[in-house]
Each structure stands twice: as structure tokens, then as C-alpha cells.
Amino acid sequence: MRLSVDNLACRRSGRRIFANLSFALGPGDALAVTGRNGAGKSSLLAILSGRLRPDAGRVAVADVGEASLPECLHAVGHRDGLKSSLTAGENLLFAQRLLGAPRLAPREALERLGLGHAHDLPVAYLSAGQRRRVALARLLVCARPLWLLDEPTAALDTASQAVLADLMAGHRAGGGLVIAATHQALGLAGAAELRIEGAAAVQEVDVLEEWA
Amino acid sequence: MTRALLALIARDLRLSGRVGGSGALSLVFFLMIVALVPFALGPDLNLLSRIGPAILWLSAVLATLIGLDRLFQADEEDGSLDLMTAAPVPLELVVLGKVTAHWLTTGLPLALAAPLFGLLVALDGTAMGATALTLLAGTPALSFIGAVGAALTASIRRGGLILAVLVLPLMIPTLIFGVSAAQAASGGTVPFLVPLAVLAALTLIAAVVGTLAAAAALRWPE
């Protein structure tokens, strides 16, 4: 899958958040979106996932057949989409049936994230970091080419951060794309960095040049 | 597509039965209103059996409103709705699944319990059966109409009041034809089937319009 974003601008509550944002990603690419709090990192991810309408500019996908952009992506953010009264396994099974394209079974996905024991526990019993790992396990139960991660390491311990870095590397090796909004180094080797600053976005290009 | 729909219905049914779910809430609320009416009106059995179908219907409408505000709001708050919009199925189908699950946990139990609760308002056998049948045919309309309001107020905290103000007027036709069908069964000039057919038509219209309108309301970006 290829994703290209052209001159994207975002306005929320009448205030211009960012403008003239452009980037393009191809198979195996990763983009780390950085910037101070409130710079619009989450807004950019919301636009990509189709929850927010851009003020200007366009987002285009290619090489995905008839699927629309929201149908090719996994979004993991602050609102984790987990139901507290369902068990981790039930939450993942629901996501798998709803999103289609099944890959790993829920138990296997949880084991990959070191949470095999939580399969039959209600999510309400889990800690913030464990909840986040259940949400990340969703990336593994369904195959989708683009991962949109909003602060994926929030509440994660160092061991889990390493597991996440591993998962992202594996996903990219298989031709997947990763876009992560973050304040910390994620272990995304060779990732481009997109820095959103104030009303104007400054882009630092490295691997983008290579494939373009 | 069917698998996604069934998964959604199964999840909502499971949620309503778990801690914090609203499984029995509507039914208990329904029982409370129906049980209180004879105390308020006094033990006049003729009066009770005359207004019985109306009381059951009124209670059913109010009981449907209970918990309706959480229909989409709960999913909007924790991000499940984002998950559903990312599903490879149209949002209309998601709405259809959620409303079906809502009806299975509110409307259907109300209709099934109506003959039993009819005893409290001195209904005879015919009226009990007729009221249960009209509730079975009419409560889906209440769920579908309510879903439009629930979708519009999904991102508003404490949106329950606005929701009730929005959807109650739209539920009035269903209430009118539901009660008139139930009363037509136990005498009167109108044959039972006429208001029942109108009621069924209202349900079908609400199913189409409600599904499309609720999906459009949910899709409305910020």
C-alpha cells in the first residue's frame, strides 16, 4: 500500500492547527510524527483514520484495491476501544470478526505481547499498561497494512516497548506502513520524522527521498 | 458482512448481561410503572382494564428511553465507534446491528412480559394477547427512532434530556396506533388488523429511515 498526503491543513474550533503538511509513504516505510503537546499530532491521525475532515489538502491511497483508507488501517490511541466488562480474548475476537482479514488467534496475539494469562480476564481488571498491550494485540489479530499509533508507548514498561519495536519491525518487513505520533524514540529504524510546529509544519526528510 | 453483523449483535447482548450493562433495566422500569398505576388509580377493575393497554404502551415507551442515551455514547467514549467505522462494512449495518441488539434486550422482553404485567392492570386474555402482539410489532419502531436521537447526541455528555426531547414526539404515532390496535382487539368499531397494519408500517418505515439517519448522524465529522 502507498499513502500520500498533499498540503493537508487542519482546523479545529475555528483555529488553524497545521497547514501545508505533505508526505508520502510506501511499503515498509515508517513515519514518526513529533511536536509539542497540542501541535496537532492526534488531529493528523484523526484525519488519516477518517474521523476528522481536513480543512484543505488531500489524502490518497494506492495499491489497496477497492478498500478505503479507514478499511486499511489499525488505529491505537488513547481511546482504546476495549470494553471493560468483556475479557481481553472476547474484545480481540470481536475486533477480529468485525474487521475481517484474520491473522493470529486472540490467545496467540496476547501471548506475543506477554499477556497470555489475561485472555480470560475482564479488561477492567487490567492495569493501564496491560490494557494498552491488549489494544496493541489488536494489530496482530487482523492483517491491515497501515498502523496508526498515537503515543503507543504510553504506560508501557521497557520490556513491552521492546516487544512493540519488534512488532513494528516485523510489520514493516512484511511491507506494512507505520505512522506513530510520539514523544519518545520508538526504535523505528530508518523512519522519517514529521515535525509539526505551530501553524506551519516543517518536514525533515530522509528515507522519503530514497523511494520518491 | 453477516459475520461482522452477528459479532456486533453478540457483543452487545453479552455486554448488556455483564456488570454495568443495562440488560434488565428497561424491564424493571416497565414493571415499576405498571405496578404503581393501580396504586395511584385505586382498585377500580373496570377502569384499569379499560386503560390497561394504554398504560402498558406508555410504560413501554418510557422504558425504551431508559438507557437509550448509552446506545452509541458508550462506544463513542471508549473508541469502539472508531473501530466500527474502520470495519469493512457500511456504518448503516453497524447501526442495524446495534439497534437489533437494543431491541432484543428492551423491546422483546417488554413484549414477552406484557401478558404477565397485564394481570396487574386487570386485562383479560384477548387484551393481553393483543397488547403483547402490538408491542412485538411496535417496539422495533421505538428502538429505531431512538437510535437517531442516540446517534445525534452520541458525543454530548449528559445528552439524555436532549435525546428524550428529540425522539419523544417522533414516537407518538407509534404510541397512538399501538394503543388503538390493542384496544380494538377487545371491542370497538375499528377492526384489529387496521391499526396493527399501520403499526407494522410505522416499524418498517422507522427501520429504513432510522438506520440511514442514525448512520448519517454518526458519520458527521467534527
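This is a predicted model: local features need pLDDT of at least 70, side-chain atom pairs count only at pLDDT 80 or more; totals for chains, interfaces and linings use all residues.

Me: Why does Phe29(B) count as buried?

Reply: Phe29(B) has 20 C-beta neighbours inside 10 Å, so it counts as buried. You will find Phe29(B) in helix α2 (residues 25-41) of chain B; helices here are DSSP runs of H or I with at least four residues, strands are runs of E with at least two, and both are numbered from the N terminus.

Me: What is Phe29(B) in contact with, leaving aside its neighbours within four places in sequence?

Reply: Ala63(B) and Ile66(B). Two residues are in contact if their C-beta atoms, placed from the backbone, lie within 7 Å.

Me: What makes α3(B) and α7(B) roughly antiparallel?

Reply: The axes of α3 (residues 45-65) and α7 (residues 107-118) of chain B cross at roughly 150° and come within 11 Å. Axes are lines fitted to C-alpha atoms, for helices over the stretch in contact, with angles from 0 to 180 degrees between N-to-C directions. Angles under 35 degrees count as roughly parallel, over 145 as roughly antiparallel, 65 to 115 as roughly perpendicular and the rest as oblique. Therefore α3(B) and α7(B) are called roughly antiparallel.

Me: Which residues make that contact between α3(B) and α7(B)?

Reply: Gly52(B), Leu56(B), Ala60(B), Ala63(B) and Thr64(B) come from α3(B), and Gly107(B), Leu110(B), Ala114(B), Phe117(B) and Gly118(B) from α7(B). By class, the residues of this contact are six nonpolar, four polar and no charged. Here Ala, Val, Leu, Ile, Met, Phe, Trp, Tyr, Cys and Pro count as nonpolar, Asp, Glu, Lys and Arg as charged, and the others, Gly among them, as polar.

Me: How do you know that α2(A) and α1(B) are roughly antiparallel too?

Reply: Their axes, those of α2(A) and of α1 (residues 2-17) of chain B, cross at roughly 150° and come within 7 Å. That is why α2(A) and α1(B) are again roughly antiparallel. In α2(A), Phe94(A), Arg97(A) and Leu98(A) meet Arg3(B), Ala4(B), Ala7(B), Leu8(B) and Arg11(B) of α1(B). The residues of this contact are five nonpolar, no polar and three charged.

Me: How many residues of each chain take part in the contact between chain A and chain B?

Reply: Chain A brings 24 residues and chain B brings 23 residues. On the side of chain A that touches chain B, α2(A) gives the most, with five residues. That side has 11 nonpolar, six polar and seven charged residues.

Me: What makes a nonpolar core?

Reply: It is a set of buried Ala, Val, Leu, Ile, Met, Phe, Trp, Tyr and Cys residues joined through C-beta atoms within 7 Å. The largest one has 130 residues, of which Leu31(A), Ala137(A) and Ala151(B) touch the most other members. Helix α8 (residues 125-152) of chain B gives the most to this core, with 15 residues. Leaving aside its neighbours within four places in sequence, Ala151(B) is in contact with Phe72(B), Ala214(B), Ala217(B) and Leu218(B).

Definitions and conventions
Residues are numbered from 1 along each chain as its sequence is written. Chains are lettered from A and ligands numbered from 1 in the order in which they are written. A residue is buried if 20 or more other C-beta atoms lie within 10 Å of its own, exposed if 12 or fewer, and partly exposed in between; C-beta atoms are placed from the backbone.
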